[in-house]
Amino acid sequence: MNAPAKVSDRLSATGTANALELRNVSKYFGALAALEDINITVRPGERRAVLGSNGAGKTTLFNCVTGDFLATTGNIRFFGEDISEFPPHERIRRGLRRTYQISLLFTGLSVRDNIYLSCVGVSRRRFSFLRPRRDDALMAAADNLVDVVHLTDDRDTLVSNLSYGQQRQLEIAMALAGAPRFILFDEPAAGLSPTERRELVDILNGLPGHMGYIIIEHDMDVALRVAESVTMMHNGRIFKEGKPAEIEEDPEVQALYLGGDDG
Amino acid sequence: MALIENTPAAIDAVERRSLFERIPAAYWLVGFVLLVMPTFASPFVLFQIFGWTFILGIIALSLMFLGGYGGMVSLAQMTFAGSAGYMLAIFGPSAITDISMNWPWYIAIPLALALAVLFGTLTGWLAVRTAGIYTIMITLAIAAAFFYFTRQNYTIFNGFSGFNGVLPPKLFGVDWRGSTAFYYLTLFWATLCYFAVLYLSRSPFGLALQGVRDNQRRMSALGYNANAHRVAAYAFAALLAGIGGILLTWQSAQISPGTAGIGPAIDILVIAVIGGLRHPVGAFIGAFIYVILKTFALDALVAVGLSGERFQLLIGLGFLVIVFWSPDGILGLWAKWRDSRGKDPLRDRGGDTP
């Protein structure tokens, strides 16, 4: 297939296809089924929360979508394109982003350099031997993202000197680099103070409308304020899907959340 | 006032001045001493000590680039250098007229460097699939294979004796193997390679390479193809090693299997580690120490009444002492000393200071 046809295919796919579509995705680690027969459909611009107890398979789900692990079976479509066999960097270059539960940052670099590195990663300057000029567009984009996640005052601070909450904010900025189409947030609110949580909710609600995401969140309050639909997972399977209010009032979900792990 | 200071011209002026001022005094001093060296140093010191230091420094710098910024320890750097030297002897002039093609330097040198880069890229392509000790094993295997292949192949590599009479071109009417000319030639290339690595370390490519070293998974999640960056690093390092290899061949006017044998391959690792992998200057410090030891260890042993044949022992001991005291090499020692000097003894005593 020649290149122009491919681009138009992809463009039309963007208009009509779902942002993310998982069909019968399973992941086995030896005999252990971390994910079993997962089917999820997320529309472009949709904001979805994934809830579930520890070990429900939420992070494994993210790892399969981003390609950190290859799914054992099933296929994954991103804006209509089958990405099941792609290596992680190819998926990222198509507009998919993620954050990590445990911050994975470059602690020896400044806040701005971390974000700059994320901007360069999805640009054509990845292999550039030339240092950025002062009016470099990617550097300007990095500066802009520093403001978006409220780190303006710490732009030149070394990441190792940031507070935990600020590191989480930086994680988000790195996921926002290079105009993403869809983002996976892995427990961005974990370990944050109530003030920092409010700030996080502000940042997420301030994202442009076309930017859909899936957020893993234990805190129902945060999840309900930033998501329009909810998927409940349990033991590697999807257990319930629906609007936040329905999920909250569902007796089975309440039993699962309040009554321990017997549900 | 603030308005005036913020005009682009004013900012430019400030940055231009600070660029000049930002170059540390040590750079000016070292640069000056190196430039005027031929006025007082003997030909032996210029050609044998400093010429050799700069050449081995360039080859060790290629390992420092791979190891320090890329986290990959390669034992094949001397092999890349040797392959460039061999290609130069094959395509350019040498005393082995049956094999050497005697092409002009402006074809032979670029061709030799290009083939060394190709060799480095292929080696990198193999080696980046592994990590740690396995990378060392693969590159060691390639170094060993190159050594035995060149020793046994007579049609291209002229086997055991290799090539002699490999001389630099008489460009601009200068005899580049004359001690002063050769000194400036090697100084020029060492300086160029040093600043190229320094500059590259802060370019997108260099930053990404360090990112891959620190956290490959994270870099993949930012859209970087980690292995492609590693292979590119091998290619660039092979270019540096190739430059060193050509200069090395000119210095001894010959290239033979022993030039790129297992011993020299390990020597490059020793040089890089003695100097320290944290900064490009370490490669040259390591090379200087190595050359001094290699040149004078024999005399030193004879002077204290021992057999001169044991000079390797002294080199080994020197290596052991440095690595024992500072796993980070000379640069590590320097950092330690600077830290301890920077400490205020009064403030270090804790809460009871006035």
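Q: What's the relative accessible area of A:Glu241?
A: It is 42%, so A:Glu241 counts as partly exposed. Keep in mind that this is a predicted model.

Q: Which residue does A:Glu241 form a salt bridge with?
A: A:Arg48. The closest N and O atoms are 2.7 Å apart.

Q: What does A:Lys240 do with A:Asp250?
A: Their side chains meet in a salt bridge, 3.4 Å from N to O. A:Lys240 lies in strand β10 of chain A, and A:Asp250 in the loop between α9 (244-249) and α10 (251-258) of chain A, so the bridge ties together parts ten residues apart in sequence.

Q: How do A:Lys240 and A:Asp250 come out on accessibility?
A: A:Lys240 is partly exposed at 21%. A:Asp250 counts as buried at 15%. The cut-off for buried is under 20%.

Q: What about A:Lys240 and A:Glu252?
A: Those side chains also meet in a salt bridge, at 2.5 Å from N to O. A:Glu252 is in helix α10 of chain A and A:Lys240 in strand β10 of chain A, so this pair ties together parts twelve residues apart in sequence. A:Glu252 counts as partly exposed, at 45%.

Q: How many salt bridges are there over all chains?
A: A search of the whole structure finds 20.

Q: Which residues are linked in a network?
A: A:Arg112, A:Asp143, A:Asp147, A:Arg155 and A:Asp156 are linked by salt bridges.

Q: Switching to the interface. How many residues does each chain bring to the contact?
A: Chain A brings 30 residues and chain B brings 28 residues.

Q: Which three residues of chain B supply more of its buried area than any other three?
A: B:Pro204, B:Arg218 and B:Leu222. They supply 25% of the area that chain B buries against chain A.

Q: What's the area buried between the two chains?
A: About 2600 Å². Carbon and sulfur atoms give 61% of that.

Q: How many salt bridges cross over, and how many residue pairs are in polar contact?
A: The rule finds three salt bridges. It also finds 13 residue pairs in polar contact.

Q: Which elements of chain B give two or more residues to the side that touches chain A?
A: α2 (8-22), α8 (179-200), α9 (204-214), α10 (216-220) and α11 (226-252) of chain B. α9(B) gives the most, with six residues.

Q: How do the residues on that side divide by type?
A: 15 are nonpolar, seven polar and six charged.

Q: Which residue of chain A meets B:Arg218 in a salt bridge?
A: A:Glu171, with 3.2 Å from N to O. B:Arg218 is also one of the three residues that lead the buried area of chain B.

Q: Last topic, the open sheet in chain A. What's the strand order?
A: β2-β1-β4-β5, with antiparallel pairing. The edge strands, β2 (32-42) and β5 (81-82) of chain A, each pair on one side only.

Q: How many bridges join β1 to β2(A)?
A: Seven bridges join β2(A) to strand β1 of chain A, residues 20-29. As one example, A:Val25 has A:Ile38 in β2(A) as its bridge partner.

Key: Residues numbered from 1 in each chain as written. Chains lettered and ligands numbered in written order. Predicted model: local features only at pLDDT ≥ 70, side-chain atom pairs only at ≥ 80, totals over all residues. Heavy atoms only, no water. Contact = heavy atoms within 4.5 Å. Buried area = accessible area lost by both parts, 1.4 Å probe. Salt bridge = Lys/Arg side-chain N within 4 Å of Asp/Glu carboxyl O. Polar contact = N/O pair within 3.5 Å; in protein donor to acceptor, adjacent residues only side chain to side chain. Helix = DSSP H or I, 4+ residues; strand = E, 2+ residues; numbered from the N terminus. Nonpolar A, V, L, I, M, F, W, Y, C, P; charged D, E, K, R; others polar. Pairing = 2+ DSSP bridges. Buried < 20%, exposed > 50% of the residue type's maximum accessible area, 1.4 Å probe, protein only.
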